[in-house]
Amino acid sequence: MGTEEQLITGVDFVALPTHDLRAAVEFYGETLGLRRSVYRPEQHFAEFETGNLTLSVIDAEAMGLEHHVQRLHIPLHVDDVPAARAELQERGVVFQGDTLDTSVCHMAFFADPDGNALMLHHRYAPRITET
């Protein structure tokens with residue numbers, strides 16, 4: 001695009017399918033502690049805010065769509081992965097394996113009740129981007 005303004009400036013939301021909207025609302029709101037911004041059970045969805053991205057939990061089949069579990073982990077930023085992991089374990093979240101240290105960030109993997117892949121993530125080394 002050269003000197004023109006960037007056309008796309010962000011990602012507004014990511015949809016996560018559920019078979020049980022009520023259970024998903026409890027998990028994202030109560031267990032993970034995310035702020036719920038929208039709850040429309042009659043339209044088969046709820047939305048939760050992460051600070052920079054909205055997680056839209058949808059009953060895909062009730063909307064006439066196919067239910068496909070999100071298999072690539074959505075990284076949820078936390079300031080301290082071990083502390084957040086310990087707190088979520090107390091709330092019943094089951095993690096997959098040990099916390100991973102990549103020498104750039106810490107990651108701890110888990111899933112929501114429908115099997116959608118999530119992770120706790122904290123980058124501790126400076127991010128290097130293209131110029």
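This is a predicted model: local features need pLDDT of at least 70, side-chain atom pairs count only at pLDDT 80 or more; totals for chains, interfaces and linings use all residues.
## Around L118

Leaving aside neighbours within four places in sequence, L118 is in contact with F27, Y28, L32, H73, I74, L76, A108, F109, F110, A111 and D112.

## The chain as a whole

The chain has two helices and eight strands. Starting at the N terminus, these elements follow the order β-α-β-β-β-β-α-β-β-β. Along the principal axes, the C-alpha atoms fill a box of roughly 45 × 45 × 25 Å.

Of the 131 residues, 37% count as buried. Among contacts with a separation of 6 or more, residues 24 or more positions apart account for 48%.

## The four-stranded sheet

Strands β5, β8, β7 and β6 form an open sheet, in the order β5-β8-β7-β6, with mixed pairing. β5 (74-77) and β6 (95-101) each have a single partner strand and stand at the edges, so one side of each is left without a neighbour in the sheet. On average, neighbouring strands of this sheet are turned by 25 degrees against each other, direction ignored. Strands of a sheet pair through backbone hydrogen bonds, in either a parallel or an antiparallel way.

Both senses of pairing occur here. β5 and β8 pair in the parallel sense over four bridges, and the bridge partner of L76 in β8 is L120. β6 and β7 (residues 105-111) pair in the antiparallel sense, over four bridges. In β7, F110 is the bridge partner of F95. Helix α2 (residues 81-90) packs on the sheet and touches β6, β7 and β8 (117-123). The direction of α2 makes about 170 degrees with that of β6.

## Two faces of β5

In a regular strand the side chains alternate between the two faces of the sheet. In β5, I74 and L76 make up a covered face, while P75 and H77 make up an uncovered one. I74 and L76 are also among the residues in contact with L118.

In soluble globular proteins, nonpolar side chains tend to be buried together.

Within α1, the buried residues include L21, A24, V25, F27, Y28, G29 and T31. After α1 comes G33, whose phi is positive, near 80 degrees.

A search of the whole structure finds three aromatic pairs. The ring centres of F27 and Y28 are 5.2 Å apart and the ring planes stand at 90 degrees, so this pair is edge-to-face. Planes count as edge-to-face when they are over 60 degrees apart. F27 and Y28 are both buried, and together with F48 they form one aromatic cluster. F27 and Y28 are also among the contacts of L118.

Definitions and conventions: Residues are numbered from 1 along each chain as its sequence is written. Side-chain values use heavy atoms; hydrogens and water are left out. Two strands pair if DSSP finds at least two bridges between them. Axes are lines fitted to C-alpha atoms, for helices over the stretch in contact, and angles run from 0 to 180 degrees between N-to-C directions. Contact means heavy atoms within 4.5 Å. Rings of Phe, Tyr and Trp (its six-membered ring) pair if their centres lie within 6.5 Å; planes under 30 degrees apart count as stacked, over 60 as edge-to-face and the rest as tilted. Buried means under 20% relative accessible area, exposed over 50%, partly exposed in between (1.4 Å probe, protein chains only).
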